[in-house]
Amino acid sequence: MLPWIQLDSATIPGENGELRLKQRGSEFSIMLGANELMNSRLSGSEEALATLSWDRIKSHPKPKVLIGGLGMGFTLRAALAVLPEDAGVTVAELVPAVITWARGPMAEVFKGCLDDPRVGIHQGDVGEAIRAGKAAYDAILLDVDNGPDGLTRKSNDRLYDFAGLRAASDALRPGGVLAVWSSGPDPDFTRRLKGSGFAVDAVSTRANGKRGGARHVIWLAVKPVK
């Protein structure tokens with residue numbers, strides 16, 4: 001079996017953690033300590049984050065989408081595959097090296113999706129982008145951590161508390177959806193979403209789509225149309 005080779009590492013702004021990019025043959029992995037955050041062989045649930053969200057907003061004209069976390073581009077590519085040509089997608093990525101990896105060693109994984117004219121990159125905290133946007137988005141897709149319980153960055157917890165959820169609601173247009181990826185269920189987060197006025201579905205999905213893998217959870221929280 002081929003050994004893993006570490007290609008690069010990057011500090012997480014504002015945190016003590018370090019991301020490590022590793023490669024084994026054509027397979028890539030991004031690690032935080034002993035935890036694997038993402039792997040290029042497992043894309044099903046990240047793709048579902050985009051496609052399930054699209055099902056909720058497909059009637060919206062000229063949809064605007066904010067994706068929190070570039071990762072390995074699976075959510076972005078899935079969104080671009082279903083969104084119309086007049087859509088706009090902003091990807092917020094906190095760690096500059098992740099953007100560099102996307103255009104460098106992982107260019108084959110990304111397949112040029114960052115060059116799509118519908119795509120813009122916000123290098124910074126997705127929370128800032130959310131707070132700056134008032135009724136700016138039809139969908140906000142968050143895959144910035146292992147879920148509502150921050151692993152890579154404790155300040156990510158602010159995205160998922162009541163104040164963070166109010167900010168997300170304010171940034172969404174009526175009928176817009178806040179979609180959140182998680183490695184597992186979190187009943188308290190479901191209650192917070194409902195308590196923030198969203199209509200909520202928690203969907204179980206496989207890490208590798210129909211091919212199986214671990215079960216992940218995607219919350220689809222729709223802002224009411226008043």
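**A colleague's note on the predicted model**

1. Let me start with one residue in this predicted model. Lys-111 counts as exposed because its relative accessibility is 53%, and the cut-off for that class is over 50%. Lys-111 sits in the loop between helix H4 (107-110) and strand E7 (119-123). Its backbone is worth a look too: Lys-111 has a positive phi of about 50° although it is not a glycine.

2. You will find Ala-135 in the loop between helix H5 (126-132) and strand E8 (137-142). With a relative accessibility of 40%, Ala-135 counts as partly exposed, since that class lies between the 20% and 50% limits.

3. Now for the overall fold. The protein chain contains seven helices and eleven strands. Its C-alpha trace spans about 55 × 35 × 35 Å along the principal axes. The radius of gyration is 17 Å, which agrees with the value near 17 Å that a compact globule of 226 residues would have.

4. On to the interior. Of the 226 residues in the protein chain, 54% are buried. The largest nonpolar core has 46 residues, and Leu-19, Leu-70, Leu-76, Trp-101 and Met-106 are those with the most contacts inside it. Helix H1 (residues 44-57) gives this core its largest share, six residues. There is also a second, separate core of 25 residues, with Ala-129, Val-144, Tyr-160 and Phe-198 among its members.

5. Trp-101 deserves a point of its own. Which residues does Trp-101 touch, leaving out those up to four places away in sequence? They are Asp-8, Ser-9, Ala-10, Leu-19, Arg-20, Leu-21, Ile-30, Met-106 and Ala-107. Two of these partners, Leu-19 and Met-106, are also listed with Trp-101 among the residues with the most contacts inside the largest core.

6. Finally, the surface and the charges. The protein chain exposes about 10400 Å², and carbon and sulfur atoms supply 51% of that area. Its side chains include 28 positive and 26 negative ones, and the centres of the two sets lie 4 Å apart.

Key: Residues are numbered from 1 along each chain as its sequence is written. This is a predicted model: local features need pLDDT of at least 70, side-chain atom pairs count only at pLDDT 80 or more; totals for chains, interfaces and linings use all residues. Side-chain values use heavy atoms; hydrogens and water are left out. Helices (H or I, at least four residues) and strands (E, at least two) are DSSP runs, numbered from the N terminus. The radius of gyration is taken over C-alpha atoms; the globule rule is 2.2 Å times the number of residues to the power 0.38. Buried means under 20% relative accessible area, exposed over 50%, partly exposed in between (1.4 Å probe, protein chains only). Accessible areas come from the Shrake-Rupley method with a 1.4 Å probe; for residues, only the protein chains shown count as cover. Lys and Arg count as positive and Asp and Glu as negative; His and the chain ends are not counted. The place of a charge is taken as NZ of Lys, CZ of Arg, CG of Asp or CD of Glu. A nonpolar core is a set of buried Ala, Val, Leu, Ile, Met, Phe, Trp, Tyr and Cys residues joined through side-chain atoms within 4.5 Å. Contact means heavy atoms within 4.5 Å.
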